[in-house]
Amino acid sequence: QVQLVESGGGLVQPGGSLRLSCAASGSIGGINTMGWYRQAPGKQRELVAAVTSGGSPNYVDSVMGRFTISRDNAKRTVYLQMDSLKPEDTAVYYCNAHVRVRFQALWSDYWGQGTQVTVSS
């Protein structure tokens, strides 16, 4: 019913930049918070950044000042601009959206398939 498709991952050198995109599609009645999580090998998945439907962002401390989250509600797309990347940013990044399916009252969380980000020289 709802799909989240991510793009933009890859290999980058330390200090470099990448921009992730995630587009939501399907039978969508509404989208509330959208965000990005990441999971490094052997670690738990953690919230990196999230943005409300009104555009208010929040970030995990480790990416504050380096990453910027934004969204285009008309395109149902959320972005993560990642600058000054560090090796410790290496992880699979997952898009998340809190969505109400059309003609239904309940809100549910949906996930993208994940995109690999590798920061290495």
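# Reading strands, bonds and rings

In S8, Leu 80 is the bridge partner of Ile 69.

Visitor: What kind of model is this, and how are residues numbered?

Guide: This is a predicted model: local features need pLDDT of at least 70, side-chain atom pairs count only at pLDDT 80 or more, and totals for chains, interfaces and linings use all residues. Residues are numbered from 1 along each chain as its sequence is written, and side-chain values use heavy atoms, with hydrogens and water left out.

Visitor: How do strands of a sheet pair?

Guide: Strands pair through backbone hydrogen bonds, either parallel or antiparallel. Strands here are DSSP runs of E, at least two residues, numbered from the N terminus. Two strands pair if DSSP finds at least two bridges between them. Now the case. Six bridges join S7 to strand S8 (residues 77–82), and the two run antiparallel.

Visitor: Which order do the strands of the open sheet have?

Guide: The order is S1-S3-S8-S7, four strands with antiparallel pairing. Strand S1 (2–7) and strand S7 (67–72) are the edge strands, and each pairs on one side only. Neighbouring strands are turned by 15° against each other on average, direction ignored. For such angles, axes are lines fitted to C-alpha atoms, and angles run from 0 to 180 degrees between N-to-C directions.

Visitor: How many bridges join S9 to S10?

Guide: Five bridges join strand S9 (residues 91–101) to strand S10 (residues 107–111), and these strands run antiparallel. Ala 97 stands opposite Tyr 110 in S10. The hairpin has five residues between the strands, and Phe 103 takes a positive phi near 70° there.

Visitor: Which residues does a disulfide join?

Guide: A disulfide is a pair of cysteine sulfur atoms within 2.5 Å. A search of the whole structure finds one. The disulfide joins Cys 22 to Cys 95, S to S 2.1 Å. The pair links distant parts of the chain: Cys 22 is in strand S3 (residues 18–26), Cys 95 is in strand S9, and they are 73 residues apart.

Visitor: Why is the disulfide left-handed?

Guide: The torsion about the S-S bond of Cys 22 and Cys 95 is about -80°, so the disulfide is left-handed.

Visitor: Is Cys 22 buried or exposed?

Guide: Buried means under 20% relative accessible area, exposed over 50%, and partly exposed in between (1.4 Å probe, protein chains only). Cys 22 is buried, and so is Cys 95. Ser 21, also in strand S3, is buried because its relative accessible area is 17%. Contact means heavy atoms within 4.5 Å. Not counting residues up to four places away in sequence, Ser 21 touches Val 5, Glu 6, Ser 7, Trp 36, Val 78 and Tyr 79. Gly 65, in the loop between strand S6 (57–59) and S7, counts as exposed at 80% relative accessibility.

Visitor: How is a pair of aromatic rings described?

Guide: By the distance of the centres and the angle of the planes. Rings of Phe, Tyr and Trp (its six-membered ring) pair if their centres lie within 6.5 Å; planes under 30 degrees apart count as stacked, over 60 as edge-to-face and the rest as tilted. The structure holds one aromatic pair. Tyr 37 and Trp 111 form this edge-to-face pair, 4.9 Å centre to centre, with 65° between the planes.

Visitor: Which ring does the charged end of Arg 19 sit over?

Guide: A charge sits over a ring if NZ of Lys or CZ of Arg is within 6 Å of the ring centre and within 35 degrees of the ring normal. Arg 19 sits over the ring of Tyr 79, 4.1 Å from its centre. Arg 45 lies over the face of Trp 111, at 4.8 Å from the ring centre.
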